[in-house]
Amino acid sequence: MKKISIVGAGRVGETTAQILAETELCRDIALFDVREDVPEGVALDILQSAPFFKFDGVLSGSNDPHILRDSDLVIVTAGFPRQPGMSRADVLESNVRIIDQVTDHIMTHAPNAMILVVSNPVDTLTYRVAQRTGWGRERVFGQAGVLDASRMASFIAQETGFSTRDITTLVLGGHGDTMVPVTRFCTINGVPIAHFLSKERIAAIVERTRTGGAEILALRKNSSAYDAPGAAVAAMVDAIANNRRRLLPCVALLDGEYGETDIAMGVPCILGERGVESVVTLDLNAEERADFQRSAQAVRIDIERLNML
Ligand SMILES: NC(=O)c1ccc[n+]([C@@H]2O[C@H](COP(=O)([O-])OP(=O)(O)OC[C@H]3O[C@@H](n4cnc5c(N)ncnc54)[C@H](O)[C@@H]3O)[C@@H](O)[C@H]2O)c1
Ligand SMILES: O=C(O)C[C@H](O)C(=O)O
């Protein structure tokens with residue numbers, strides 16, 4: 001991938017830029033932010049770590065949206081994080097204004113780009129970007145489930161003592177308290193986690209996964225998570241840049257899959273060089289289907305709020 005732009009040079013944007021640069025996933029990274037001088041400062045600071053990490057490439061930052069031009073991918077991390085005690089949906093009104101402005105910049109300066117939305121509430125904002133651009137769902141998608149699944153895998157590793165390398169997890173649905181960790185598809189090298197963990201322990205891991213973002217927020221106090229989120233975004237970029245065709249949970253527009261239409265939420269997708277190549281429909285059991293529908297209902301409430309703005 002020739003050029004990746006990151007909109008929002010805050011905590012998540014900066015962490016993502018650092019990982020993309022270090023891993024040389026892209027050698028031309030541009031940062032755009034409205035805070036005066038900040039994107040230039042972030043770009044310069046990361047560049048000065050190049051001799052340690054031994055990477056080459058160009059990193060630039062600007063308050064001028066022209067910096068987005070010719071991007072192949074734009075990662076959107078602009079917007080307010082929630083504060084302790086808030087839900088992600090509580091920043092919807094403030095962040096819609098920001099996301100609309102950012103979307104217009106992308107349409108003007110990077111009309112051929114893919115857009116990866118990170119800003120919260122990510123399902124609703126991905127839906128908003130898709131509506132505003134009118135671009136196909138392969139080009140407009142969001143990050144949530146890769147992070148939630150990685151949180152769940154880290155909890156399973158802590159409980160079982162197994163290597164994270166061997167742990168596979170799947171979290172679907174909206175990126176809120178109703179997210180759907182699908183324990184039936186969580187394994188340790190193919191062995192279902194139920195072989196190693198009791199029902200009670202699995203239930204506790206599911207609950208901790210659902211509240212994983214709030215747990216970090218409560219501990220960090222002035223900031224929501226950004227280390228694992230930056231790594232999750234980088235994993236998605238790796239799938240795209242290297243055309244890996246990975247099966248990853250992405251926030252994607254649904255067109256009848258899982259019985260849902262006119263909504264964006266977390267579903268398993270094939271992610272490759274063209275973005276979301278397809279949505280994979282799993283045969284969910286009755287309980288999983290009910291959980292997924294409940295999660296869709298929560299996202300729909302936000303979309304209705306959005307439509308009233
Ligand atoms: N989807 C996920 O899994 C996930 C994970 C972590 C954080 N987030 C979300 O990502 C967003 C950013 O989090 P953060 O911790 O980096 O916040 P932050 O406050 O550190 O950074 C946000 C940045 O956005 C910039 N910004 C605001 N308006 C802008 C505009 N119109 N154009 C360009 N830039 C603008 C701000 O100046 C700031 O630098 C939040 O909404 C947060 O909830 C999502
Ligand atoms: O919790 C948040 O508000 C940030 C992010 O969505 C997360 O899950 O870490």
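These legends describe close-up views of a predicted model. Local features need pLDDT of at least 70, side-chain atom pairs count only at pLDDT 80 or more, and totals for chains, interfaces and linings use all residues. Residues are numbered from 1 along each chain as its sequence is written, while chains are lettered from A and ligands numbered from 1 in the order in which they are written.

**View 1. The two domains of the protein chain.** The chain is divided into domain 1 (3–143) and domain 2 (145–308). These bounds come from an automatic or database domain assignment. Taken over C-alpha atoms, the domain centres are 21 Å apart.

**View 2. Where domain 1 touches domain 2.** Here 38 residues of domain 1 are in contact with 39 residues of domain 2. Contact means that the C-beta atoms of two residues, placed from the backbone, lie within 7 Å. On the domain 1 side, the elements giving two or more residues are H1, strand S4 (73–76), helix H4 (92–109), S5, H5 and strand S6 (140–142). Helices (H or I, at least four residues) and strands (E, at least two) are DSSP runs, numbered from the N terminus. H5 gives the most to this side, with seven residues. By type, this side of domain 1 has 22 nonpolar, eight polar and eight charged residues. Nonpolar covers Ala, Val, Leu, Ile, Met, Phe, Trp, Tyr, Cys and Pro; charged covers Asp, Glu, Lys and Arg; the others, Gly among them, are polar.

**View 3. The shell around ligand 2.** Residues surrounding ligand 2 include Arg82, Arg88, Asn120, His175 and Ser224. A residue is near a molecule if its C-beta atom, placed from the backbone, lies within 6 Å of it. Domain 1 and domain 2 each supply at least three residues of the shell. Helix H8 (residues 212–220) gives the most, with three. The shell holds six nonpolar, four polar and two charged residues.

**View 4. A cis peptide bond.** Asn120 and Pro121 are joined by a cis peptide bond, with omega about -5°. Pro121 sits in the loop between strand S5 (114–117) and helix H5 (122–133). Asn120 is also one of the residues around ligand 2.

**View 5. Two residues with positive phi.** Most residues other than glycine have a negative phi. Glu24 has a positive phi, near 55°, and lies in the loop between helix H1 (11–22) and strand S2 (28–32). Asn189 has a positive phi of about 45°, in the loop between strand S10 (187–188) and strand S11 (191–192).
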